[in-house]
Amino acid sequence: MDGKLFDSELKVMGVLWNEGDCTAKHISDVLKEDIGWNMNTTYTLIKCCIKKGAIERSEPNFMCHALVKKEEIQEEQTNELIDKIYDGSADKLFAALLGRKKLSSEQIKKLRDIVGEFDD
């Protein structure tokens, strides 16, 4: 993929990640309902994603297919956040997340399980 996806482009990708391959019209309809975007805005963003190599277009009906996985983008965005805001320190990010609110016992157990996976 060529370049970072902006928040608006991530909205387009989100429709594809949630619903799978679909037409540009369907993406436009979903985003019109969810955030009020008009068709021209959505089509412009789809074309930007195509240019960046995040979406592949096929015919008939301007069918769109995601070329990048949500997990790949999540990892890239997380690494960028860690580098930019937390001086490259994942433990600082983790501490900041834990300090934001009280966690339920279920959330604490999930975090312990995740951390435990790295001990192996």
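1. A pocket, on a 1 Å grid over the protein atoms alone, is an open set of points where a 1.4 Å probe fits, with protein on both sides within 12 Å along at least five of seven lines; its lining residues have an atom within 4 Å of a point. By that rule, Phe94, Leu111, Ile114, Val115 and Phe118 line the second largest pocket.

2. This is a predicted model, in which local features need pLDDT of at least 70, side-chain atom pairs count only at pLDDT 80 or more, and totals for chains, interfaces and linings use all residues. Residues are numbered from 1 along each chain as its sequence is written, and side-chain values use heavy atoms, with hydrogens and water left out.

3. The second largest pocket holds about 180 Å³ of space, a volume being the space filled by probe spheres set on the grid points, which are joined across faces, edges and corners. Its lining consists of five nonpolar residues, no polar and no charged. Here Ala, Val, Leu, Ile, Met, Phe, Trp, Tyr, Cys and Pro count as nonpolar, Asp, Glu, Lys and Arg as charged, and the others, Gly among them, as polar. Helix α6 gives the most to this lining, with three residues.

4. The largest pocket has about 210 Å³ of space. The elements that give two or more residues to its lining are α5 (90-99) and α6 (105-117); helices (H or I, at least four residues) and strands (E, at least two) are DSSP runs, numbered from the N terminus. With four residues, α6 gives the most. The lining of the largest pocket divides into six nonpolar residues, one polar and three charged; Arg100, Lys101 and Lys110 are among the lining residues.

5. Which residues of α3 are buried? They are Thr42, Tyr43, Leu45, Ile46, Cys49 and Lys52. Buried means under 20% relative accessible area, with a 1.4 Å probe and protein chains only. These buried residues pack against α1 (7-19), α2 (24-35), β2 (55-58) and β3 (63-66), where contact means heavy atoms within 4.5 Å.

6. A search of the whole structure finds zero disulfides, a disulfide being a pair of cysteine sulfur atoms within 2.5 Å. For cysteine 49, the nearest cysteine sulfur is that of cysteine 48, 6.9 Å away.

Note on methods
Buried < 20%, exposed > 50% of the residue type's maximum accessible area, 1.4 Å probe, protein only.
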